[in-house]
Amino acid sequence: MSVDLDAEQYEKCREAGEILAQVRDEAAERCEVGTGYLEISEWAEDRIRELGGEPAFPVNVSVDEEAAHGAAGPDDDRVIGENLVKLDIGVHIDGWLADTAVTVDLAGESELTEASAEALDAALDVVEPGVETGEIGAVIEETIEGYGYNPVVNLTGHGLGHWEQHTTPNIPNRAVEQSVELEVGDVVAVEPFATDGGGKVQEGSQEEIFALEREGSVRDRTARKALEQITEEFRTLPFAARWLDVRRPKMALRRLQRQDIVHGYPVLKEDEGRMVSQKEHTIIVTDEGCEVTTRSR
């Protein structure tokens with residue numbers, strides 16, 4: 001989706017990015033051995049609200065072979081160890097989004113961490129109106145392979161829409177023949193993943209992030225109350241079970257999933273169980289190139 005660079009929606013995208021950059025940097029500083037998954041997630045989400053935004057999705061805390069969708073449950077007692085930690089965080093202002101991620105290296109994987117960060121910088125250098133998304137992917141792939149690692153090829157960057165976290169265009173992490181041209185006003189998240197494994201992810205069993213699939217009705221009172229909150233507060237954006245103001249939220253969500261009203265996002269893990277690093281920025285394509293809304297101030 002594109003935004004009008006002369007309209008209020010553009011300013012809201014920029015404001016979301018500014019808040020997010022600050023929260024990401026502060027959260028990364030707090031991420032250390034012994035920090036609880038739930039502790040850092042709730043801190044970051046509360047900090048977003050404190051600064052005037054709303055979380056666009058639950059904070060992702062994905063470690064080691066987990067590439068994405070790791071998240072804290074309602075009573076999660078897990079703590080971060082000597083892990084490779086990916087913090088993926090989103091902010092919205094009235095549904096206008098920013099999305100960012102950073103790898104915090106507590107595992108001694110500095111080169112792997114640097115590979116995804118350098119790939120992101122290289123990708124942003126080539127972004128301008130008319131550039132093909134496949135060209136961006138080729139730059140990401142070349143940079144990561146230059147470090148001796150592989151890009152995760154079945155994960156991509158993505159467009160950001162109004163109340164939509166994933167829209168077209170996809171931004172591949174490798175060279176592809178079929179791609180599209182970026183245009184002025186496009187809002188996209190570019191997110192390279194680097195791994196010392198084969199370069200593909202598969203779904204794991206853990207599932208703590210959910211989103212509305214379709215409108216529907218449900219008999220169970222608790223599930224109905226949960227659905228009312230989802231449609232009014234989160235709309236089509238992802239949410240966490242721990243955000244629901246109902247008793248036994250997981251039970252309510254299971255009922256909604258059985259009727260295909262809500263779907264889950266299983267944690268995504270590297271196929272071979274190898275380490276994965278990630279770095280992500282949100283950009284708005286401009287006449288001169290791009291504006292990185294989530295860059296540190």
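H166 is partly exposed, because its relative accessibility is 46% and that class lies between buried (under 20% relative accessible area) and exposed (over 50%), computed with a 1.4 Å probe on protein chains only. The model is predicted: local features need pLDDT of at least 70, side-chain atom pairs count only at pLDDT 80 or more, and totals for chains, interfaces and linings use all residues. Residues are numbered from 1 along each chain as its sequence is written, and side-chain values use heavy atoms, with hydrogens and water left out.

**Annotated domain and binding site**

- UniProt, in an unreviewed entry, places the feature "domain: Peptidase M24" at residues 11–199; UniProt positions follow the numbering used here, feature names are shortened, and annotations may be inferred rather than shown by experiment.
- The span of residues 11–199 is 34% helix and 29% strand, and its end C-alpha atoms lie 37 Å apart. Helices (H or I, at least four residues) and strands (E, at least two) are DSSP runs, numbered from the N terminus.
- Under "binding site", the unreviewed UniProt entry lists H69 and H166. They span 98 residues in sequence, yet no two of their C-alpha atoms are more than 13.8 Å apart, so they gather at one spot.
- Both H69 and H166 belong to the lining of the largest pocket. On a 1 Å grid over the protein atoms alone, a pocket is an open set of points with protein on both sides within 12 Å along at least five of seven lines, and lining residues have an atom within 4 Å of a point.

**Surroundings of H166**

- H166 is located in strand β7 (residues 164–171).
- Not counting residues up to four places away in sequence, H166 touches H158 and G159, where contact means heavy atoms within 4.5 Å.
- The side chains of H166 and H158 make a polar contact at 3.5 Å. A polar contact is a pair of N or O atoms within 3.5 Å; within protein, one must be able to donate a hydrogen and the other to accept it, and residues adjacent in sequence count only if both atoms are side-chain atoms.
- G159, a contact of H166, has V188 in β8 as its bridge partner.
- Strand β6 (residues 157–161) pairs with β8 in the antiparallel sense over two bridges; two strands pair if DSSP finds at least two bridges between them.
- Strand β8 (residues 187–190) also runs antiparallel to strand β14 (residues 281–286), joined by four bridges, and V188 stands opposite I283 in β14.
- In a regular strand the side chains alternate between the two faces of the sheet. In β8 both faces are covered, with V187 and A189 buried on one side and V188 and V190 buried on the other.

**Surroundings of H69 and N60**

- H69 lies in the loop between β2 and β3 (84–93).
- Beyond neighbours within four places in sequence, the contacts of H69 are N60, S62, I209, Y265, P266, V267 and L268.
- N60, in strand β1, is buried because its relative accessibility is 4%.
- The side chain of N60 reaches the backbone nitrogen of H69 at 3.0 Å, and a polar atom of that N60 side chain lies 2.9 Å from the backbone oxygen of P58.
- Leaving aside neighbours within four places in sequence, N60 is in contact with residues including K86, L87, D88 and I209.

**Sheet β2-β12-β10-β11**

- Four strands form this open sheet in the order β2-β12-β10-β11, with antiparallel pairing. Its edge strands, β2 (66–68) and β11 (239–240), each pair on one side only.
- Strand β10 (residues 201–212) is joined to β11 by two bridges, and I209 stands opposite A240 in β11.
- Helix α5 (residues 221–234) lies across β10, β11 and β12 (262–270) at about 85° to β10. Helix α6 (residues 249–258) lies across β10, β11 and β12 at about 95° to β10.
- Axes are lines fitted to C-alpha atoms, for helices over the stretch in contact, and angles run from 0 to 180 degrees between N-to-C directions.

**Sheet β1-β3-β4**

- Three strands form an open antiparallel sheet in the order β1-β3-β4. The edge strands β1 (54–63) and β4 (96–105) each pair on one side only, and the twist averages 10° from one strand to the next.
- β3 and β4 pair over 10 bridges, with H92 opposite L97 in β4.
- Helix α1 (residues 8–30) packs on the sheet, touching β3 and β4, and its direction makes about 20° with that of β4.

Terms used:
On a 1 Å grid over the protein atoms alone, a cavity is a set of points where a 1.4 Å probe fits but cannot get out, and a pocket is an open set with protein on both sides within 12 Å along at least five of seven lines; lining residues have an atom within 4 Å of a point.
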